[in-house]
Amino acid sequence: MALLEGALRVNLLANSRSFYKFTSFVGVRSLSENVSSKPVTSSSPEVAGDHVLYTQEHFALKDSLKKLIDQEINPHVDQWEAEGKFPAHKVFKILGSAGFLGVNRPAEYGGLGLDYSYSIAVAEELGNIRCGGIPMAIGVQTDMTTPALARFGSEELKKEFLLPSISGDKVACLGVSEVGAGSDVSSIKTKAVRKGDEYVINGGKMWTTNGAQADWMCLLANTSDGPPHRNKSLICLPMNLPGVHIARTIDKIGMKSSDTAQVFFDDVRVPCKNIIGQEGMGFTYQMLQFQEERLWAVANVLTTLDIIIQETIQYTRQRKIFTQPVLYHQAVHFRLAELQTEVELLRSLLYHATALYIKGNDVTKLASMAKLKAGRLARELSDSCLQYWGGMGFTNDVLISRFYRDLRLISIGGGADEVMLGIICKYMDTLPRK
Amino acid sequence: MSGRVLVGVKRVIDYAVKIRVKPDNSGVVTDGVKHSMNPFCEIAVEEAVKLKEKKLIKEVVAVSCGPQQSQETIRTALAMGADRGIHVEVAGKDYETLGPLQVSKIMAALAKKEEAQLVILGKQAIDDDCNQTGQMTAALLDWPQGTFASEVSLDGDKVKVVREIDGGLETIKISTPAVLTADLRLNTPRYATLPNIMKAKKKKIANVKPADLGVDLTSRLEVLRVDEPPQRQAGVKVETVEDLVGKLKETGRI
């Protein structure tokens, strides 16, 4: 089978002396013998009319984004993973110019004013990037730092921070988690004390994705001494202000191409007008953003899980043990069938929740369930598949090991599994009563 | 000059898909397989849109011949900047036997009808690798042709075309109306940006039947059989040149 695709390619290559544009084509067909021609990464029909959520526009959007990823991002992923950083300004500018960073943001700030199903389509397509770090960084830019700003921020603030974030000219990061407070958001210690018409900020943030490259931070800080759910505010903080120290980038076991910073604030002064919406409402605004964040994470990982299964099938089909392909051993193909089934179940939950959300429903319970399942399934699937790669799976030369590391974060970040369980129990009314 | 450019776009199996031959050897599997615009057609569309942006031409019309799904390919061209589309409906058996001869007749008829100044096509399609449609269209119209174009400069009613040929590069100057075919290095196609994808929804795609253009779709070819290339056999290592010659003689290669 190796020559079959070779035949199509060689003809092209013979006629055109440069392969630069098509090297990515050749690279895609790496492990080639006896492979099926149906690497359908999603079992959702490609025909727009039949899809439960997507129209032809959604598919056109996905196609365009996939092309961008294939040409501008994937060829460099290995290098950026090795370097521990990807060029956020460069990549975000490319995405922003093509309109992908503000899909459901207002048109007057450069967004497209489309509904959330388009954001989910973008999230799904970003799962084609061959690492977890870059989609995560993009997700922070599009769906974690800007929802509150877009909804509650002043005109001036939106012009200064939202518009350039959508165009890809400014890189954003989210300052919520701290060394002493991750899941327990209400116990953050960073303070913003009002002095005249400025806030003076002291404290620090941890686990800040894009932190080392960001132009501004969506910062959650205590702005008064009230009850912990009502004394916090969201502030747009330029990262180049005196007193903002990027202490270090954290050396993580995965998501290597995404820079994650620890930041300190030492008497940082920011104008009071930089507050998003009402003072004291920060915690509430932050909570509102979470449904979208969680659904986004689920959409993103589903494509990646499909890719992992497909690549595992390809690998095990050509790898022989005991005279036959690894894939032919029933334990293997049966297990992959089980895993694919779970992926489809999660996909259905995602579309169900998204459809309800677009109609204006509160999908907190479903979104939390989806996030919980996404984290656990990602671990289970990447672990099972890695096993089938044998020794090769344990090397850094293959994609499976990178995703094994990258996907482990899903159960921890963006709302740990335990927090998800707590939310679901709250909706099921099974928590201990006071 | 009309300032109108016709661009042909073909819907083909996506380049990244692994092709499989049907069990009855009558063709390749296309059902449920991802399709997209032929890469060389993308380059053709990009060139036409660039000419419009430079204000050298006025209108870009994207044409595709095929079943319903060809409209998606036209939409992609519209999202890249084409102004309107023409979908020539060809389905079923006719579509299976549709080849360069039939398409070039259609393109020639449309070029006359639309009074096109230029017809730009991809140099070949990645499914059949024919590299014939452009040349046949030019012949049917009795128009000059600039094929394997890696550079196009339009100046009044003349076009300067730099062609990629085996010996290097050849520069020709031809009069319009003319047919050009796009080669790999002509340009880098733009991504259809989201705003343009949304705008493309409002652009018009006209429906036309080959009979309306007076084109006979009968094929002169019959596909007898489609096979995969033979499996690549393992090689043999030899120690010396003498061994190599000996082995080659042994297996009847020389």
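Predicted model: local features only at pLDDT ≥ 70, side-chain atom pairs only at ≥ 80, totals over all residues.
Residues are numbered from 1 along each chain as its sequence is written, chains are lettered from A and ligands numbered from 1 in the order in which they are written, and side-chain values use heavy atoms, with hydrogens and water left out.

Reader: Which domains does the assignment give for chain A?

Author: The bounds come from an automatic or database domain assignment. For chain A this assignment gives domain 1 (2-167), domain 2 (172-280) and domain 3 (289-428).

Reader: What area is buried between domain 2 of chain A and domain 3 of chain A?

Author: The C-alpha centres of these two domains of chain A lie 31 Å apart, and five residues of domain 2 are in contact (heavy atoms within 4.5 Å) with five residues of domain 3. Buried area is the accessible area (1.4 Å probe) that two parts lose on being put together, summed over both. Carbon and sulfur atoms give 65% of the area buried between domain 2 and domain 3 of chain A, which totals about 560 Å².

Reader: How many residue pairs are in polar contact between domain 2 of chain A and domain 3 of chain A?

Author: A polar contact is a pair of N or O atoms within 3.5 Å; within protein, one must be able to donate a hydrogen and the other to accept it, and residues adjacent in sequence count only if both atoms are side-chain atoms. Between domain 2 and domain 3 of chain A, the count of residue pairs in such contact, both at pLDDT 80 or more, is two.

Reader: What are the helix and strand percentages over residues 173-268 of chain A?

Author: In an unreviewed entry, UniProt lists these residues of chain A for "domain: Acyl-CoA oxidase/dehydrogenase middle", although such annotations may be inferred rather than shown by experiment. Helices (H or I, at least four residues) and strands (E, at least two) are DSSP runs. The end C-alpha atoms of residues 173-268 of chain A are 17 Å apart, and the chain there is 0% helix and 51% strand.

Reader: Which residue meets A:Asp169 in a salt bridge?

Author: A salt bridge is a side-chain nitrogen of Lys or Arg within 4 Å of a carboxyl oxygen of Asp or Glu, and the structure holds 38 of them over all chains. At 3.2 Å, N to O, the side chain of A:Asp169 meets that of A:Lys93. The pair links distant parts of the chain, 76 residues apart, with A:Asp169 in the loop between α9 (155-167) and β1 (172-175) of chain A, and, in helix α5 (residues 88-97) of chain A, A:Lys93.
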